[in-house]
Amino acid sequence: MEVDKGKGEAEETRKVAEADRDTVTLKSSDGKLFEVSKEAAARLSTVLAGMIAGGSIDDNGTDLKQIGSEALENVVDYCNKHANSIPSAALISSSISFNTAPFKEPEEWERKFVDRLSHDALFDLVEAANFLGMERLLDVTCHKISEMMKGKSPDQIREVFNIKNDYTKEELEEIRQELAWAFYDD
Amino acid sequence: MSSEKERSPAGVSEVYHEMKRPHNLQHSKKQRDRGPIDRISALPDEILLGILEGVDAKTAVSTSLLSRRWRHLWTSLHSLHLSDVSFPANYRSWIRLGPMSKEYLKSNKITHFVPSLRWFARRIKKGDTDLMRLSLVFSGDARSAAAVNSAVGSAAVQGVKDIAVAVVGKTEYNLRLNNCKISVSLVFEGFSALRTLVLVAMRMSVTDTEVLVRSCRSLKSLYLIDMVDARVVKHPGLEELVWLWPHPYGALTIDAPALRSLDIDAQVLAMS
(Lines give C-alpha, C1' and ligand atoms only; values in the text may rest on other atoms or scores of the structure.)
Protein backbone atom coordinates (compact mmCIF):
# COMPACT_ATOMS: atom_id res chain seq x y z
CA MET A 1 0.00 0.00 0.00
CA GLU A 2 2.69 2.41 1.05
CA VAL A 3 4.77 1.59 -1.97
CA ASP A 4 1.84 2.20 -4.24
CA LYS A 5 1.16 5.53 -2.59
CA GLY A 6 4.78 6.59 -3.01
CA LYS A 7 4.70 5.64 -6.67
CA GLY A 8 1.52 7.66 -7.13
CA GLU A 9 3.12 10.69 -5.56
CA ALA A 10 6.18 10.35 -7.72
CA GLU A 11 3.95 10.22 -10.76
CA GLU A 12 2.14 13.33 -9.56
CA THR A 13 5.46 15.14 -9.14
CA ARG A 14 6.58 14.02 -12.55
CA LYS A 15 3.34 15.23 -14.12
CA VAL A 16 3.69 18.62 -12.45
CA ALA A 17 7.29 18.87 -13.62
CA GLU A 18 6.16 17.98 -17.12
CA ALA A 19 3.50 20.65 -17.12
CA ASP A 20 6.11 23.18 -16.00
CA ARG A 21 8.60 22.28 -18.70
CA ASP A 22 8.80 24.70 -21.59
CA THR A 23 9.84 22.05 -24.10
CA VAL A 24 8.33 18.81 -25.33
CA THR A 25 10.21 15.74 -26.53
CA LEU A 26 9.26 14.16 -29.86
CA LYS A 27 10.33 10.77 -31.12
CA SER A 28 10.83 9.99 -34.81
CA SER A 29 9.85 6.74 -36.55
CA ASP A 30 13.45 5.56 -36.18
CA GLY A 31 13.56 6.30 -32.46
CA LYS A 32 15.51 9.59 -32.35
CA LEU A 33 14.51 12.17 -29.75
CA PHE A 34 14.11 15.89 -30.37
CA GLU A 35 13.31 18.74 -27.99
CA VAL A 36 11.07 21.52 -29.18
CA SER A 37 9.74 24.70 -27.59
CA LYS A 38 6.30 23.88 -26.20
CA GLU A 39 4.98 27.34 -26.98
CA ALA A 40 6.13 27.20 -30.61
CA ALA A 41 4.91 23.61 -31.09
CA ALA A 42 1.46 24.51 -29.77
CA ARG A 43 1.30 27.67 -31.85
CA LEU A 44 2.53 26.16 -35.13
CA SER A 45 0.99 22.68 -35.10
CA THR A 46 -2.69 22.00 -34.49
CA VAL A 47 -1.91 18.32 -33.86
CA LEU A 48 0.80 19.02 -31.26
CA ALA A 49 -1.38 21.71 -29.69
CA GLY A 50 -4.14 19.12 -29.28
CA MET A 51 -1.72 16.59 -27.77
CA ILE A 52 -0.31 19.16 -25.34
CA ALA A 53 -3.78 20.32 -24.30
CA GLY A 54 -5.03 16.74 -23.98
CA GLY A 55 -2.05 15.68 -21.88
CA SER A 56 -0.95 12.97 -24.31
CA ILE A 57 2.61 14.26 -24.44
CA ASP A 58 5.08 11.65 -23.25
CA ASP A 59 8.00 12.99 -21.23
CA ASN A 60 10.22 10.24 -22.63
CA GLY A 61 9.42 11.18 -26.21
CA THR A 62 6.05 11.42 -27.90
CA ASP A 63 5.93 8.86 -30.69
CA LEU A 64 5.49 10.27 -34.19
CA LYS A 65 5.64 7.02 -36.13
CA GLN A 66 4.89 8.61 -39.49
CA ILE A 67 7.85 11.00 -39.43
CA GLY A 68 11.48 10.03 -40.05
CA SER A 69 14.30 11.60 -38.08
CA GLU A 70 15.50 13.87 -40.88
CA ALA A 71 12.05 15.39 -41.41
CA LEU A 72 11.39 15.65 -37.68
CA GLU A 73 14.71 17.41 -37.18
CA ASN A 74 13.61 19.96 -39.78
CA VAL A 75 10.20 20.36 -38.15
CA VAL A 76 11.80 20.94 -34.74
CA ASP A 77 14.41 23.25 -36.21
CA TYR A 78 11.65 25.27 -37.86
CA CYS A 79 9.61 25.52 -34.64
CA ASN A 80 12.60 26.60 -32.59
CA LYS A 81 13.67 29.17 -35.17
CA HIS A 82 10.11 30.45 -35.29
CA ALA A 83 10.07 30.78 -31.50
CA ASN A 84 13.08 33.10 -31.72
CA SER A 85 12.04 35.17 -34.71
CA ILE A 86 10.28 38.48 -34.43
CA PRO A 87 8.11 39.28 -37.44
CA SER A 88 9.80 42.03 -39.41
CA ALA A 89 8.07 45.31 -40.25
CA ALA A 90 8.32 44.35 -43.91
CA LEU A 91 6.37 41.16 -43.29
CA ILE A 92 3.62 42.97 -41.42
CA SER A 93 3.05 45.37 -44.28
CA SER A 94 3.47 42.75 -47.01
CA SER A 95 0.87 40.59 -45.31
CA ILE A 96 -1.73 42.85 -46.86
CA SER A 97 -0.03 43.21 -50.21
CA PHE A 98 -1.26 42.29 -53.67
CA ASN A 99 -0.83 38.57 -53.26
CA THR A 100 -1.44 36.07 -55.99
CA ALA A 101 -1.85 33.29 -53.49
CA PRO A 102 -3.99 32.96 -50.40
CA PHE A 103 -0.98 32.54 -48.18
CA LYS A 104 1.48 35.07 -46.93
CA GLU A 105 4.95 35.72 -48.21
CA PRO A 106 7.64 33.65 -46.46
CA GLU A 107 10.16 35.55 -44.45
CA GLU A 108 13.79 35.62 -45.54
CA TRP A 109 14.88 33.00 -43.00
CA GLU A 110 12.01 30.73 -44.01
CA ARG A 111 13.07 30.99 -47.64
CA LYS A 112 16.64 30.05 -46.71
CA PHE A 113 15.34 27.29 -44.50
CA VAL A 114 13.58 25.50 -47.38
CA ASP A 115 16.17 26.43 -50.01
CA ARG A 116 18.86 24.32 -48.37
CA LEU A 117 16.70 21.15 -48.41
CA SER A 118 17.24 18.34 -50.90
CA HIS A 119 14.36 17.36 -53.17
CA ASP A 120 13.37 14.39 -50.98
CA ALA A 121 13.84 16.31 -47.73
CA LEU A 122 11.52 19.03 -49.03
CA PHE A 123 8.75 16.52 -49.76
CA ASP A 124 9.33 14.69 -46.47
CA LEU A 125 8.84 18.05 -44.76
CA VAL A 126 5.63 18.80 -46.71
CA GLU A 127 4.24 15.43 -45.59
CA ALA A 128 5.33 15.99 -41.98
CA ALA A 129 3.82 19.50 -41.93
CA ASN A 130 0.59 18.11 -43.33
CA PHE A 131 0.51 15.29 -40.80
CA LEU A 132 1.16 17.64 -37.88
CA GLY A 133 -1.31 20.28 -39.09
CA MET A 134 1.37 22.96 -39.46
CA GLU A 135 -0.29 25.43 -41.76
CA ARG A 136 2.51 27.96 -41.87
CA LEU A 137 5.22 25.39 -42.58
CA LEU A 138 2.98 23.86 -45.23
CA ASP A 139 2.61 27.29 -46.85
CA VAL A 140 6.35 27.88 -46.80
CA THR A 141 7.20 24.48 -48.30
CA CYS A 142 4.41 24.67 -50.90
CA HIS A 143 5.58 28.16 -51.81
CA LYS A 144 8.99 26.65 -52.58
CA ILE A 145 7.40 23.98 -54.79
CA SER A 146 5.35 26.66 -56.59
CA GLU A 147 8.58 28.52 -57.31
CA MET A 148 10.06 25.33 -58.75
CA MET A 149 7.09 25.05 -61.13
CA LYS A 150 6.48 28.62 -62.10
CA GLY A 151 6.99 29.48 -65.76
CA LYS A 152 8.07 25.95 -66.69
CA SER A 153 6.65 23.91 -69.56
CA PRO A 154 4.92 20.59 -68.79
CA ASP A 155 8.01 18.75 -70.07
CA GLN A 156 10.27 20.71 -67.75
CA ILE A 157 7.94 20.16 -64.79
CA ARG A 158 7.87 16.41 -65.46
CA GLU A 159 11.64 16.38 -65.45
CA VAL A 160 12.00 18.37 -62.20
CA PHE A 161 9.49 16.21 -60.31
CA ASN A 162 10.00 12.86 -62.09
CA ILE A 163 6.38 12.73 -63.21
CA LYS A 164 5.59 9.91 -65.61
CA ASN A 165 3.47 10.83 -68.61
CA ASP A 166 0.71 8.21 -68.78
CA TYR A 167 -1.34 9.79 -71.56
CA THR A 168 -1.76 8.46 -75.05
CA LYS A 169 -0.75 10.65 -77.96
CA GLU A 170 -4.41 11.25 -78.79
CA GLU A 171 -5.25 12.36 -75.25
CA LEU A 172 -2.34 14.81 -75.22
CA GLU A 173 -3.54 16.29 -78.48
CA GLU A 174 -7.09 16.62 -77.14
CA ILE A 175 -5.89 18.56 -74.06
CA ARG A 176 -3.64 20.75 -76.15
CA GLN A 177 -6.58 21.79 -78.29
CA GLU A 178 -8.87 22.34 -75.34
CA LEU A 179 -6.45 24.69 -73.62
CA ALA A 180 -4.58 26.03 -76.61
CA TRP A 181 -3.77 29.41 -75.07
CA ALA A 182 -1.83 27.82 -72.23
CA PHE A 183 0.58 26.16 -74.64
CA TYR A 184 1.56 29.17 -76.70
CA ASP A 185 5.26 29.69 -76.71
CA ASP A 186 6.12 33.04 -75.23
CA MET B 1 25.92 -26.20 -57.56
CA SER B 2 28.94 -24.37 -56.24
CA SER B 3 27.76 -21.05 -57.59
CA GLU B 4 24.40 -21.64 -55.89
CA LYS B 5 26.22 -22.14 -52.59
CA GLU B 6 28.21 -18.97 -53.01
CA ARG B 7 25.19 -16.86 -53.77
CA SER B 8 22.98 -18.12 -50.97
CA PRO B 9 24.96 -16.85 -47.93
CA ALA B 10 25.42 -13.48 -49.59
CA GLY B 11 21.66 -13.29 -50.10
CA VAL B 12 20.99 -14.16 -46.47
CA SER B 13 23.41 -11.57 -45.15
CA GLU B 14 21.91 -8.90 -47.34
CA VAL B 15 18.42 -9.62 -46.04
CA TYR B 16 19.73 -9.49 -42.49
CA HIS B 17 21.46 -6.21 -43.22
CA GLU B 18 18.28 -4.78 -44.70
CA MET B 19 16.26 -5.74 -41.64
CA LYS B 20 18.63 -3.89 -39.36
CA ARG B 21 18.31 -0.69 -41.28
CA PRO B 22 16.08 1.98 -39.84
CA HIS B 23 12.81 2.10 -41.70
CA ASN B 24 13.30 5.38 -43.52
CA LEU B 25 16.78 4.51 -44.76
CA GLN B 26 15.45 1.27 -46.18
CA HIS B 27 12.87 3.33 -47.97
CA SER B 28 15.41 5.61 -49.56
CA LYS B 29 17.53 2.67 -50.73
CA LYS B 30 14.51 1.23 -52.50
CA GLN B 31 13.97 4.57 -54.12
CA ARG B 32 17.49 4.71 -55.40
CA ASP B 33 17.17 1.24 -56.90
CA ARG B 34 14.06 2.24 -58.80
CA GLY B 35 15.43 5.59 -59.91
CA PRO B 36 14.05 8.93 -58.79
CA ILE B 37 10.43 8.67 -57.71
CA ASP B 38 7.56 11.08 -58.25
CA ARG B 39 6.98 12.62 -54.83
CA ILE B 40 4.73 15.46 -55.91
CA SER B 41 1.94 13.39 -57.54
CA ALA B 42 1.64 11.41 -54.29
CA LEU B 43 0.58 14.50 -52.33
CA PRO B 44 -3.11 14.92 -51.51
CA ASP B 45 -5.26 17.10 -53.78
CA GLU B 46 -5.64 19.96 -51.31
CA ILE B 47 -1.87 20.37 -51.03
CA LEU B 48 -1.41 20.26 -54.81
CA LEU B 49 -4.11 22.91 -55.16
CA GLY B 50 -2.24 25.06 -52.62
CA ILE B 51 0.86 24.70 -54.80
CA LEU B 52 -1.06 25.55 -57.99
CA GLU B 53 -2.54 28.66 -56.38
CA GLY B 54 1.00 29.94 -56.03
CA VAL B 55 1.70 29.84 -59.77
CA ASP B 56 0.37 31.86 -62.71
CA ALA B 57 -2.72 30.64 -64.56
CA LYS B 58 -0.74 29.44 -67.57
CA THR B 59 1.51 27.17 -65.53
CA ALA B 60 -1.45 25.99 -63.44
CA VAL B 61 -3.62 25.15 -66.45
CA SER B 62 -0.81 23.52 -68.38
CA THR B 63 -0.30 20.97 -65.58
CA SER B 64 -3.24 19.21 -67.26
CA LEU B 65 -0.64 17.77 -69.64
CA LEU B 66 1.62 16.26 -66.96
CA SER B 67 -0.30 13.03 -66.35
CA ARG B 68 -3.80 11.72 -65.63
CA ARG B 69 -3.34 12.56 -61.95
CA TRP B 70 -3.10 16.22 -62.93
CA ARG B 71 -5.69 16.36 -65.69
CA HIS B 72 -8.55 18.07 -63.82
CA LEU B 73 -6.81 19.27 -60.66
CA TRP B 74 -6.57 22.94 -61.59
CA THR B 75 -10.30 23.14 -62.30
CA SER B 76 -10.88 23.09 -58.51
CA LEU B 77 -8.66 26.13 -57.94
CA HIS B 78 -10.12 28.90 -55.82
CA SER B 79 -7.89 31.57 -57.25
CA LEU B 80 -6.46 32.36 -60.66
CA HIS B 81 -3.78 34.84 -61.58
CA LEU B 82 -3.66 36.14 -65.14
CA SER B 83 -0.95 38.52 -66.20
CA ASP B 84 0.18 40.62 -69.12
CA VAL B 85 3.79 40.44 -68.03
CA SER B 86 5.89 37.76 -66.36
CA PHE B 87 7.42 38.57 -63.03
CA PRO B 88 10.72 37.91 -61.37
CA ALA B 89 10.88 34.85 -59.12
CA ASN B 90 9.75 36.75 -56.03
CA TYR B 91 6.80 38.31 -57.79
CA ARG B 92 4.47 38.07 -54.85
CA SER B 93 6.15 41.13 -53.45
CA TRP B 94 6.86 42.80 -56.79
CA ILE B 95 4.33 45.48 -56.13
CA ARG B 96 6.57 47.11 -53.59
CA LEU B 97 9.34 47.31 -56.13
CA GLY B 98 7.75 50.18 -57.98
CA PRO B 99 7.17 50.68 -61.68
CA MET B 100 8.64 48.31 -64.16
CA SER B 101 11.03 49.69 -66.69
CA LYS B 102 9.85 49.67 -70.29
CA GLU B 103 12.69 47.27 -71.13
CA TYR B 104 11.39 44.90 -68.50
CA LEU B 105 7.82 45.18 -69.75
CA LYS B 106 8.92 44.66 -73.33
CA SER B 107 11.11 41.65 -72.75
CA ASN B 108 8.67 40.00 -70.33
CA LYS B 109 5.44 40.66 -72.18
CA ILE B 110 3.20 37.59 -72.19
CA THR B 111 1.71 36.95 -75.62
CA HIS B 112 -1.11 34.70 -74.45
CA PHE B 113 -2.64 37.31 -72.13
CA VAL B 114 -5.60 38.23 -74.35
CA PRO B 115 -6.34 34.61 -75.42
CA SER B 116 -6.18 33.62 -71.75
CA LEU B 117 -8.68 36.35 -70.83
CA ARG B 118 -11.05 35.25 -73.57
CA TRP B 119 -10.75 31.63 -72.49
CA PHE B 120 -11.35 32.69 -68.90
CA ALA B 121 -14.44 34.76 -69.76
CA ARG B 122 -15.93 31.86 -71.75
CA ARG B 123 -15.22 29.40 -68.98
CA ILE B 124 -16.54 31.56 -66.17
CA LYS B 125 -19.75 32.28 -68.08
CA LYS B 126 -20.56 28.56 -68.01
CA GLY B 127 -20.78 28.97 -64.25
CA ASP B 128 -19.23 25.63 -63.24
CA THR B 129 -16.45 27.08 -61.16
CA ASP B 130 -15.10 27.07 -57.62
CA LEU B 131 -13.31 30.31 -58.28
CA MET B 132 -13.38 32.85 -55.47
CA ARG B 133 -10.42 35.00 -56.31
CA LEU B 134 -9.19 36.49 -59.57
CA SER B 135 -6.16 38.68 -59.88
CA LEU B 136 -5.14 40.43 -63.07
CA VAL B 137 -2.06 42.38 -63.93
CA PHE B 138 -1.98 44.29 -67.17
CA SER B 139 0.37 46.79 -68.64
CA GLY B 140 -2.42 49.18 -69.54
CA ASP B 141 -2.14 48.31 -73.20
CA ALA B 142 -5.37 49.55 -74.83
CA ARG B 143 -5.50 46.43 -77.00
CA SER B 144 -5.98 44.29 -73.88
CA ALA B 145 -8.45 46.61 -72.15
CA ALA B 146 -11.61 45.16 -73.72
CA ALA B 147 -10.61 41.60 -72.86
CA VAL B 148 -9.75 42.65 -69.29
CA ASN B 149 -13.09 44.40 -69.01
CA SER B 150 -15.00 41.34 -70.22
CA ALA B 151 -13.06 38.92 -67.97
CA VAL B 152 -13.55 41.04 -64.85
CA GLY B 153 -17.20 41.71 -65.72
CA SER B 154 -17.98 37.99 -66.24
CA ALA B 155 -16.22 37.05 -63.01
CA ALA B 156 -18.24 39.63 -61.09
CA VAL B 157 -21.50 38.36 -62.62
CA GLN B 158 -20.63 34.78 -61.63
CA GLY B 159 -20.10 35.82 -58.02
CA VAL B 160 -16.31 35.90 -57.79
CA LYS B 161 -16.01 38.13 -54.76
CA ASP B 162 -12.34 38.85 -54.51
CA ILE B 163 -11.14 40.58 -57.66
CA ALA B 164 -7.84 42.41 -57.86
CA VAL B 165 -6.56 44.38 -60.82
CA ALA B 166 -3.14 45.95 -61.14
CA VAL B 167 -2.34 48.31 -63.96
CA VAL B 168 1.38 48.73 -64.49
CA GLY B 169 3.31 50.66 -67.08
CA LYS B 170 5.73 53.49 -67.68
CA THR B 171 6.94 56.20 -70.07
CA GLU B 172 6.62 54.66 -73.52
CA TYR B 173 3.28 53.22 -72.59
CA ASN B 174 1.94 56.63 -71.64
CA LEU B 175 0.10 57.17 -74.87
CA ARG B 176 -1.49 53.75 -74.64
CA LEU B 177 -2.19 54.35 -71.00
CA ASN B 178 -3.98 57.52 -71.93
CA ASN B 179 -6.14 55.59 -74.35
CA CYS B 180 -6.65 52.94 -71.77
CA LYS B 181 -7.39 55.50 -69.11
CA ILE B 182 -10.33 56.79 -71.11
CA SER B 183 -11.66 53.30 -71.67
CA VAL B 184 -11.16 52.26 -68.07
CA SER B 185 -12.65 55.23 -66.33
CA LEU B 186 -15.70 55.54 -68.56
CA VAL B 187 -16.44 52.12 -70.03
CA PHE B 188 -14.87 49.75 -67.59
CA GLU B 189 -17.97 48.57 -65.70
CA GLY B 190 -15.93 45.74 -64.18
CA PHE B 191 -14.33 48.24 -61.83
CA SER B 192 -17.37 48.29 -59.61
CA ALA B 193 -16.55 44.70 -58.60
CA LEU B 194 -12.92 45.32 -57.69
CA ARG B 195 -11.71 44.72 -54.17
CA THR B 196 -8.13 45.60 -54.90
CA LEU B 197 -6.79 48.13 -57.37
CA VAL B 198 -3.15 48.79 -58.04
CA LEU B 199 -2.06 51.68 -60.22
CA VAL B 200 1.58 51.97 -61.11
CA ALA B 201 3.16 54.94 -62.87
CA MET B 202 0.11 55.90 -64.89
CA ARG B 203 -0.29 59.44 -66.11
CA MET B 204 -3.70 60.31 -64.82
CA SER B 205 -5.04 63.67 -63.79
CA VAL B 206 -6.27 64.30 -60.25
CA THR B 207 -9.86 64.22 -61.50
CA ASP B 208 -9.40 61.01 -63.49
CA THR B 209 -7.89 59.23 -60.52
CA GLU B 210 -10.73 60.42 -58.31
CA VAL B 211 -13.38 59.30 -60.79
CA LEU B 212 -11.70 55.92 -61.17
CA VAL B 213 -11.40 55.34 -57.42
CA ARG B 214 -14.99 56.41 -56.85
CA SER B 215 -16.27 54.05 -59.55
CA CYS B 216 -14.66 51.14 -57.70
CA ARG B 217 -17.55 50.91 -55.25
CA SER B 218 -16.48 47.66 -53.55
CA LEU B 219 -12.86 48.71 -53.21
CA LYS B 220 -11.07 47.67 -50.02
CA SER B 221 -7.41 48.06 -50.98
CA LEU B 222 -5.82 50.75 -53.11
CA TYR B 223 -2.19 50.93 -54.13
CA LEU B 224 -0.91 54.08 -55.76
CA ILE B 225 2.66 53.61 -56.80
CA ASP B 226 4.66 56.29 -58.51
CA MET B 227 1.47 58.13 -59.47
CA VAL B 228 2.92 61.62 -59.61
CA ASP B 229 -0.31 63.54 -60.16
CA ALA B 230 -2.55 61.83 -57.64
CA ARG B 231 -3.29 64.06 -54.64
CA VAL B 232 -6.66 63.06 -53.27
CA VAL B 233 -8.06 59.73 -52.16
CA LYS B 234 -11.69 59.76 -51.23
CA HIS B 235 -13.57 56.53 -50.65
CA PRO B 236 -16.11 55.51 -48.01
CA GLY B 237 -15.27 51.79 -47.90
CA LEU B 238 -11.49 51.81 -48.37
CA GLU B 239 -9.67 49.80 -45.69
CA GLU B 240 -6.11 49.72 -46.94
CA LEU B 241 -4.12 52.40 -48.70
CA VAL B 242 -0.54 52.06 -49.87
CA TRP B 243 0.81 55.22 -51.43
CA LEU B 244 4.39 55.10 -52.63
CA TRP B 245 6.05 57.80 -54.65
CA PRO B 246 9.63 58.75 -55.41
CA HIS B 247 9.42 62.56 -55.41
CA PRO B 248 6.91 63.74 -52.86
CA TYR B 249 5.75 67.31 -53.05
CA GLY B 250 2.62 69.13 -52.01
CA ALA B 251 -0.11 68.00 -49.67
CA LEU B 252 -2.11 64.78 -49.84
CA THR B 253 -5.75 64.52 -48.90
CA ILE B 254 -7.15 61.26 -47.63
CA ASP B 255 -10.84 60.98 -46.87
CA ALA B 256 -11.50 57.35 -46.03
CA PRO B 257 -13.42 56.77 -42.80
CA ALA B 258 -13.13 52.95 -42.97
CA LEU B 259 -9.33 53.00 -43.35
CA ARG B 260 -7.52 50.51 -41.14
CA SER B 261 -4.10 50.41 -42.71
CA LEU B 262 -2.12 53.26 -44.21
CA ASP B 263 1.33 53.00 -45.70
CA ILE B 264 2.77 56.18 -47.16
CA ASP B 265 6.34 56.01 -48.25
CA ALA B 266 8.56 58.18 -50.39
CA GLN B 267 10.84 55.19 -50.98
CA VAL B 268 9.92 53.30 -54.10
CA LEU B 269 12.58 50.69 -54.60
CA ALA B 270 14.07 50.49 -58.07
CA MET B 271 13.24 47.38 -60.02
CA SER B 272 16.42 45.64 -61.07
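Within chain A, 63% of the contacts with a separation of 6 or more are between residues 24 or more positions apart; a contact here means heavy atoms within 4.5 Å. The model is a predicted one, in which local features need pLDDT of at least 70 and side-chain atom pairs count only at pLDDT 80 or more, while totals for chains, interfaces and linings use all residues. Residues are numbered from 1 along each chain as its sequence is written, chains are lettered from A and ligands numbered from 1 in the order in which they are written, and side-chain values use heavy atoms, with hydrogens and water left out.

Chain A contains ten helices and three strands. Helices (H or I, at least four residues) and strands (E, at least two) are DSSP runs, numbered from the N terminus. In order from the N terminus, the elements of chain A are α-β-β-α-α-β-α-α-α-α-α-α-α. Of its 186 residues, 42% count as buried; buried means under 20% relative accessible area, exposed over 50%, and partly exposed in between, with a 1.4 Å probe and protein chains only.

The strands of chain A can be considered next. An open sheet of three strands in chain A has the order S2-S1-S3, with mixed pairing. Strand S2 (33-37) and strand S3 (62-63) of chain A stand at the edges with a single partner strand each, so one side of each has no neighbour in the sheet. Two strands are said to pair if DSSP finds at least two bridges between them. Strands of a sheet pair through backbone hydrogen bonds, either parallel or antiparallel. S1(A) and S2(A) pair in the antiparallel sense over five bridges, and Thr23(A) stands opposite Ser37(A) in S2(A). These two strands, S1(A) and S2(A), form a hairpin with five residues between them, and Gly31(A) in the turn has a positive phi of about 85 degrees.

Helix H4 (residues 69-84) of chain A lies across S1 and S2 of chain A and runs at about 20 degrees to S2(A). For this angle, axes are lines fitted to C-alpha atoms, for helices over the stretch in contact, and angles run from 0 to 180 degrees between N-to-C directions.

Two isoleucines of chain A illustrate contacts with chain B. Ile157(A) lies in helix H9 (residues 154-161) of chain A and is buried, because its relative accessible area is 0%. Apart from residues up to four places away in sequence, Ile157(A) touches Met149(A), Lys152(A), Ile163(A), Thr59(B) and Leu66(B). Ile175(A) belongs to helix H10 (residues 169-178) of chain A and counts as buried, because its relative accessibility is 0%. With neighbours within four places in sequence set aside, Ile175(A) is in contact with Tyr167(A), Phe183(A), Ser64(B), Leu65(B) and Arg71(B). Its C-alpha atom is separated by 12 Å from that of Pro154(A), 21 residues apart along the chain.

Chain B has nine helices and nine strands. Of its 272 residues, 50% count as buried, and its accessible surface comes to about 12900 Å², of which 55% belongs to carbon and sulfur atoms. Among chain B contacts between residues at least 6 apart in sequence, 61% join residues at least 24 apart.

Which strand of chain B is largely enclosed by the rest of the structure? Strand S3 (residues 162-167) is, because five of its six residues are buried. Strand S2 (residues 133-138) of chain B pairs with S3(B) in the parallel sense over six bridges, and the bridge partner of Phe138(B) in S3(B) is Val167(B). S3(B) also pairs with strand S4 (residues 196-200) of chain B, in the parallel sense over four bridges; Ala164(B) stands opposite Thr196(B) in S4(B).

Notes. Areas by Shrake-Rupley, 256 points an atom, 1.4 Å probe, with all protein chains shown as cover.
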